[in-house]
Every structure is written in structure tokens, then in C-alpha cells.
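Dear colleague,

I am passing on a structure that I would like you to look over before we discuss it. My notes follow directly below it.

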Amino acid sequence: MNLEEYAAKHHVLVPAGIPTPEGRVCKTPEEAAAAVTAIGPSVIKAQVPTGKRGKSGGIKIAKTADEAASAARDILSMSIGGHRVSQVLVEQLCPIERELYAAVLIDVASRAPLVLFSTEGGMDIEEVAETHPDAIRKHVVDIHKGFSAADAAAMLKGLPLGSATDAVGEVLAKLYAIFDAKDAELVEINPLALLKDGRVVALDCKFVLDDSSGLRQPDLAKVASPPKMTALEERGAENGLKFIQLDGNVGVLANGAGLTMTTMDVIDHFGGRPANFLEIGGEAYTKSEIALDLVLSNPGVKSLVINFCGAFARTDVMAEGVVKAWETLKPKVPVFFSIHGTGEDEAVKLVRERLGIEPYDFMEDAVKAAVEAAQ
């Protein structure tokens with residue numbers, strides 16, 4: 001779940017004691033004009049849960065009320081990254097001496113939180129990594145020990161930050177505390193600005209909340225932007241199914257998220273591209289017809305893998321649901337079954353007799369056949 005900039009600042013940074021400029025959210029050009037009259041010269045920024053706002057024309061400077069109204073009018077007519085702009089943040093224009101970068105995220109390689117800092121702020125960190133890798137400092141965090149002000153000081157040692165070193169270190173320590181306490185997947189300040197008066201201020205903030213932590217973080221979940229979904233994903237959500245549409249051509253239907261993701265990995269291993277994530281474990285097996293229709297409604301699907309593995313769940317019960325759905329929908333795409341576990345013999349017999357299809361003995365063989373059929 002992504003928070004727009006103002007929500008991230010107001011609900012995450014400010015309560016943690018990280019300074020931000022004075023700002024107001026406005027929904028009309030008139031409100032933006034009034035805000036600039038009160039605040040003074042400002043930056044007018046589109047509030048959408050995506051990046052590249054500046055490159056899209058969604059950030060403008062306004063020194064007068066008329067300029068603010070004009071800028072807001074232009075920005076409110078935009079769509080950025082597929083998101084319609086419905087409000088802008090009018091924020092005090094700050095005298096910047098230097099732009100820095102700070103973030104905490106999950107590092108896949110070390111399977112731990114990673115604190116990042118760069119003296120090259122205001123630009124994409126990926127670009128900095130390519131052009132100035134020596135400008136990035138990294139600290140992998142031991143979650144049992146956390147990340148302290150002393151860790152931040154060690155991380156910043158030798159960097160030309162002058163008298164701002166302690167303030168920047170304090171921001172880094174607070175940023176990790178936010179990441180830990182708020183169940184974040186990412187918290188990023190870019191730029192973290194060193195102002196001409198010596199203050200260190202967060203001029204932007206990106207915050208991504210773990211989707212599974214909504215009940216633990218209700219205040220943040222409430223202000224998070226709703227996820228952008230395709231029509232098929234919306235249909236899945238309406239029916240209580242977690243369906244994620246991808247750009248591949250091999251459809252996937254399996255029981256359990258782990259088995260589904262494994263099936264997707266095997267598709268990729270054999271040179272194919274999965275067309276979706278969709279699992280019908282638990283009570284979702286009763287929605288087999290809806291699930292099958294979702295997968296097959298994706299126009300990119302050229303073949304289908306159905307992979308069942310049962311322990312407590314009976315594969316014959318799941319197969320019965322899918323067979324009935326297949327008989328109702330009568331799809332034309334080639335389908336490849338792999339069935340193992342509790343009720344396996346009954347399930348294989350069911351598929352063989354009712355659909356005239358022979359399930360594969362090994363999942364790898366079923367997936368490989370599906371990948372070849374999709375070519």
C-alpha cells in the first residue's frame with residue numbers, strides 16, 4: 001500500500017520528529033492560490049502514489065497566487081502513471097544548499113533491512129548507483145540490534161556533510177525506527193535537503209506499507225492510496241480471490257500461494273511467462289468456476305497449468321470443482337494438469353474420465369508442455 005507524499009509526511013515523518021516544510025493539500029486552483037497567499041512562494045506538487053512526477057510536469061513553482069492557480073489548474077488536469085491527479089500539495093519553497101538521499105528498504109540479497117544514504121539526492125538512486133556508486137553508503141541492519149545514532153555516525157563518517165552530519169545521522173536513525181515500527185516495505189526521502197540556514201528538511205517522502213499489516217497499522221491503511229487494479233483484478237477482489245494479472249501467456253491455477261509461486265518460477269525456468277497469480281486454496285476451491293473464468297478471460301493466455309498438491313486439502317474435491325467449471329465454460333486453450341497428494345487417485349481418474357485429459361506424473365513435465373504449447 002502506497003502513501004501519497006503529503007500523507008507520508010503528515011502521518012509518518014512529522015510524528016517521528018523529521019522536519020518537513022509547511023504545506024497544505026488543495027483540490028482546486030482557488031485553494032492553491034489561497035495557500036500560496038498564506039505560505040508564500042511555494043512548490044505545487046501532484047499527489048499521486050507514483051514517481052516521476054517532476055518529469056511528467058506534475059511539479060511546478062509558484063511565487064504568486066495567480067501562478068499557483070495556473071499551476072494547480074494544469075496539474076489537476078493530468079494523469080501520471082495511470083493515476084488521475086485529484087489534489088495537489090502546496091508546500092513552502094525552501095532555499096536549498098544541497099540535496100541528499102536517505103532510505104530504508106528490504107534487501108533481498110541479505111534478507112534484512114538496508115539503510116541507504118547518498119550525497120547525490122534529487123535524482124533516481126538507480127541512476128546514482130550506475131554513475132556514482134561511490135556516492136552511496138549502505139548498512140545492512142541486524143534486526144536483533146536495530147540501527148542506532150552511532151550506526152548512522154559510522155555510516156556517514158568521511159562524507160563532506162560538515163556541521164549537518166549529526167542532523168543527517170539523526171534523520172537516518174529515525175527513518176529506521178519508522179521502518180521498523182510502521183511495518184514498512186520502503187521509506188524514502190529524496191531529496192533530504194540541507195538548507196542554506198543549516199536545517200535538514202525532508203522535501204519529499206515515499207512510504208510503502210506492507211499489504212499484510214493493515215490491521216496492525218489501521219491509521220496508515222486508512223490514508224493509503226487504493227491499489228491500481230485491472231478490470232480482471234477488480235473482478236477477482238469482488239469475489240474474494242487474490243488475482244494478479246501479468247503480461248505472460250501461460251495461465252496458472254493452483255492451490256496455495258507457495259505452490260502457485262513455485263509453479264510460476266518453473267514456468268520462468270522453462271522459458272515461459274506466467275500470465276497471472278491466482279490460488280484457490282482454503283475455501284476458495286468452491287469458486288473454481290469464477291477462478292477459471294478469470295484466468296481464461298486474460299486475452300494473453302495461450303495455455304493453462306493446473307497444479308494441485310493436497311495434504312489436509314483433498315485434491316479430488318478441488319479437481320471436482322475445476323472439472324465442473326471446465327465443462328460449463330468449455331474453454332479452447334490447451335490445459336495441463338499435475339495432481340499429487342490426498343485424494344490423488346480419485347482426482348486423476350476424474351480428470352481422465354470427464355475431460356479426457358491425462359495428468360502428468362511430474363509438475364515439471366506439465367509446466368514444460370504448457371510453455372511449449374503457448375509458443
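Is C205 buried or exposed? In this model, which is predicted, C205 is buried, with a relative accessible area of 4%. C94 is buried as well, at a relative accessible area of 13%. Neither cysteine takes part in a disulfide: for C94 the nearest cysteine sulfur is that of C205, 15 Å away, and for C205 it is that of C94, at 15 Å. With a cut-off of 2.5 Å between cysteine sulfur atoms, the number of disulfides comes to 0.

Next, the nonpolar cores. The largest of them has 38 residues, and those with the most contacts inside it are L13, F117, V168, L172 and F207. Several elements give two or more residues to this core, among them helix 1 (5-13), helix 5 (149-156), helix 6 (165-181), strand 12 (200-202) and strand 13 (206-209), together with strands 8, 9 and 11. Helix 6 supplies the largest share, 7 residues. If residues up to four places away in sequence are left aside, L172 touches A102, V115, L116, F117, F147, A152, M155 and L156. As a general background to both, nonpolar side chains in soluble globular proteins tend to be buried together.

Strand 8 deserves a paragraph of its own. Strand 8 (residues 96-107) pairs in the antiparallel sense with strand 11 (residues 184-195) over 8 bridges, and in that pairing A103 has E188 as its bridge partner. Strand 8 also pairs in the antiparallel sense with strand 9 (residues 112-118), here over 7 bridges, with A102 standing opposite F117. Strands 8 and 9 form a hairpin that leaves 4 residues between them, and R111, in the turn, has a positive phi of about 55°. A102 and F117, which face each other across this pairing, are both among the residues that L172 touches.

Helix 9 (residues 257-269) has 13 residues and reaches 18 Å from its first C-alpha to its last, close to the 18 Å expected at 1.5 Å a residue. Its buried residues are T260, T263, M264, V266 and I267; seen down the axis of helix 9, they fall within an arc of 160°, so they line one face of the helix. The exposed residues D265, D268 and H269 sit on the face of helix 9 turned away from the buried side. On the buried side, the packing partners of helix 9 are strand 15 (250-254), strand 16 (276-278), strand 17 (303-310) and helix 13 (363-374). After helix 9 comes G271, with a positive phi near 90°.

In helix 10 (residues 288-297), the buried residues are S288, A291, L292, L294 and V295. They cover an arc of only 155° around the axis, which puts them on the same side of helix 10. These buried residues pack against helix 8 (231-238), strand 14 (243-245) and helix 11 (315-329), and also against strands 15, 16 and 17.

With kind regards

Key
Residues numbered from 1 in each chain as written. Predicted model: local features only at pLDDT ≥ 70, side-chain atom pairs only at ≥ 80, totals over all residues. Heavy atoms only, no water. Buried < 20%, exposed > 50% of the residue type's maximum accessible area, 1.4 Å probe, protein only. Expected span 1.5 Å × (residues − 1). Arc of directions from axis to C-beta. Contact = heavy atoms within 4.5 Å. Pairing = 2+ DSSP bridges. Core = buried A, V, L, I, M, F, W, Y, C linked by side-chain atoms within 4.5 Å.
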